[in-house]
Structures are given as C-alpha cells and as structure tokens.
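This report is intended for a reader meeting the structure for the first time. Please view the sequence and the model together before reading on.

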Amino acid sequence: MTHAIMFHHFHNVRHAEGQGSISYDEFSRILDYLEDNFELLGAKEFSERVLSGRLSGKETCLTFDDSLKCQYDIALPVLQDRALSAFFFVYTSVFTDKPEMLEIYRNFRNVQFDNMDGFYTAFFHVFNKQHEQAYISYIKSYPDDYLLEFSFYTENDRRFRYVRDNALSVEQYHELMRVMMSDAGYDIKKASQNLWMNADDLIDLENKGHVIGLHSHTHPTAIDQLSYERQHSEYEINKQALSKILQQDLWAMSHPCGRYNKDTLDLLGDMGIRIGFRSSLSEPRICSALEIPRDDHANLLKRII
C-alpha cells in the first residue's frame, strides 16, 4: 500500500547532482513502475477519493516538496507528456529577501564536497571544535533508533539531523554553517539564483492543473516543537502569501520533515486545509485526511533496480 510518492531534488546540467537527486530518465522509470503496479491518480482525483472514503488501497499520487526550480525544469515536462497532475508543496520564505537556508545549505554540501560523508566529517569536526560540551553530550545521548523509520536515511544522515534539531539551538546551527560556508568561500547570493521556483512558475503549475499547497513559511525542521501560536503563524503567513500569488484559497499541505502534533492538525483544520501528507510509511494507515503517508522515491528506485 503506497498512498503517495514524495519527490524533492532532480539533477541535470543546470541543477547539481546531490544525495537523493534523480534524473529525467530515473523519474520516467519511476512513473513507468507506478503506472504498471498502481492506479496513478491526478492530485484532485486522489483528494476526492480520500475525502469521500473511496480509496481501495491500490491508488497513489505524486507530491513535490519545497518549491524547487529543478522540479519545474525536469519533472514538469514529464508530467505534462503523460497528462499527470501532482501536488506541489511550497514554503514561502523563498519569495522574500530572507529565504530559509535549508536548500542553500544543501547546495553548499553538493558543490563543496565530493560526497555527503565528506560534509558530515567536516560538520562534526566544526561541531566538536565550537561546542565541545554539546558534542560530548550528543555522543552520550544519541538514541540508536532516532529517525529509524526513515529507511532512506544513512546513519550519518540521522546523526546530523539529531545534532541540528536537538543538540544545537537554531542560532548555533546557523552560525556553525555560516562559518563552514565562509571558510569555503561559498557565494550564497550566486547559489540562490537557481534554487527555487518563482511566482510565475507557481501560476503556470496551477494553470496546468496541478495543486499548490502549504509547507509552512520558513520550513522549520521540528515544527512540532513550536508553540501553537508559532505554528499557526508559520501556516497563516504561508497560506496568505500563496493565496496572494494564486488568487485563490489553499486546501492541501504537507508537513515539513514529516513533523506535526495535535496542535498542528487542529490549526490546519481551522484554516480549511482538507488534505495533508506525512513524509514516511512508519504508520501505513491514513489516520486522518491530514495524515496521509508517503513513500520516498528513493525506496521505489531500490525496488526497480
């Protein structure tokens, strides 16, 4: 049972290859597999079946997180050729002069290091150097089962995310990354120019029949740890910004990093959000229309290969 497939990064000559990114051909192979083994539905038809309780368990749909330009450049032509519609979930700080650094950090890792383990080695070295006591505490307290439900994460992926979201404060993490980028001579402004879609791209997606949805404003990596008020602000700003661009209300979303709690579900329901997606199959059932499980495309590639 695979209710939805989650995609993020794609690569070609204009978009750097990195951990988890796929090519035009790999995306096409995934769609071939889904069409052969599932009932691959468009975004709106999938939503209608969820909300009416008519899912049989054989259906699936396509979802894209983070409003990445590589999705528009590489995945969209494939979708159009196959007359398939999908969900695109957008965090809106990328349309301001202070975008969230998540994708910038990822680009830094991709272009400055030969592989992810090279970045992790450098990251943990700087972490130990700058925050020795926090590093010692992390070594002692890291839980072996942390994020184990995300099978596509490596051990280093899980350890890095634990440090980012638990061992360091938000400010400490950003400062650590700033130091690493400065030492490497990384040009943030130049790198940012080709990372995200713009407002015209979102309008074009909607005009082509795709569904644009919420993904918070600044993409907190642990939004469930925020107060009700801060969570509400994240989604309210997100919704207002997208509504202004698209000139219509929004009714779908995905949870950043798969993180949410009861407050999240309550405020989303009050905001009129009807469909929401998690980011793993750790709970394979659809517990509510705001908690639809997704499988990562990396898991599908393993099955196909």
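The sections below treat the overall form, then selected residues.

## Basis of the report

The model is predicted; local features are reported only at pLDDT of at least 70 and side-chain atom pairs only at pLDDT 80 or more, while totals for chains, interfaces and linings use all residues. Residues are numbered from 1 along each chain as its sequence is written, and side-chain values rest on heavy atoms, with hydrogens and water left out.

## Overall form

The protein chain contains 13 helices and 9 strands. These elements are DSSP runs numbered from the N terminus, where a helix is H or I over at least four residues and a strand is E over at least two. Along the principal axes, the C-alpha atoms of the protein chain occupy a box of roughly 55 × 45 × 40 Å. The radius of gyration of the protein chain is 19 Å, which agrees with the value near 19 Å for a compact globule of 305 residues. That radius is taken over C-alpha atoms, and the globule rule is 2.2 Å times the number of residues to the power 0.38.

Of the 305 residues in the protein chain, 53% count as buried. Buried means under 20% relative accessible area, exposed means over 50%, and partly exposed lies in between, with a 1.4 Å probe and protein chains only. Contacts, meaning heavy atoms within 4.5 Å, also describe the fold: among those in the protein chain between residues at least 6 apart in sequence, 68% join residues at least 24 apart.

## Surface and charge

The protein chain exposes about 13,900 Å², and carbon and sulfur atoms supply 47% of this area. Accessible areas come from the Shrake-Rupley method with a 1.4 Å probe; for residues, only the protein chains shown count as cover.

The protein chain carries 32 positive and 46 negative charges, whose mean positions are 1 Å apart. Lys and Arg count as positive and Asp and Glu as negative, whereas His and the chain ends are not counted. Each charge is placed at NZ of Lys, CZ of Arg, CG of Asp or CD of Glu.

## Cysteines

The structure holds 0 disulfides, a disulfide being a pair of cysteine sulfur atoms within 2.5 Å. The sulfur of C61 has its closest cysteine sulfur in C287, at 16 Å, which is too far for a bond. C257 is likewise in no disulfide, and the nearest cysteine sulfur, that of C70, is 16 Å away. C61 counts as buried at 0% relative accessibility, while C257 is partly exposed at 31%.

Y91 belongs to the loop between β5 and α4 (102-112) and is buried at 0% relative accessibility. Leaving aside neighbours within four places in sequence, Y91 contacts D66, E100, L102, E103, W196, H215, S216, H217, T218, H219 and N238. The C-alpha atoms of Y91 and A241 are separated by 9.5 Å, although these residues are 150 residues apart along the chain.

H217, one of the contacts of Y91, sits in the loop between β6 (211-214) and α11 (228-246). H217 is buried, with a relative accessible area of 15%. Beyond residues up to four places away in sequence, H217 touches Y91, T92, S93, T96, E234, I237 and N238.

## Two residues with positive phi

Most residues other than glycine have a negative phi. H219, in the loop between β6 and α11, has a positive phi near 55 degrees and is buried at 4% relative accessibility. A83 also has a positive phi near 55 degrees. A83 lies in the loop between α3 (69-81) and β5 (87-90) and is exposed, with a relative accessible area of 72%.

## Two residues in helices

H174 lies in helix α8 (residues 170-184) and is partly exposed at 26% relative accessibility. Apart from residues up to four places away in sequence, H174 touches E100, M101 and Y105. The C-alpha atoms of H174 and L102 are 9.9 Å apart, with the two residues 72 residues apart along the chain.

S47 lies in helix α2 (residues 43-51) and is buried, with a relative accessible area of 2%. Leaving aside neighbours within four places in sequence, S47 is in contact with F87, W251 and I275.
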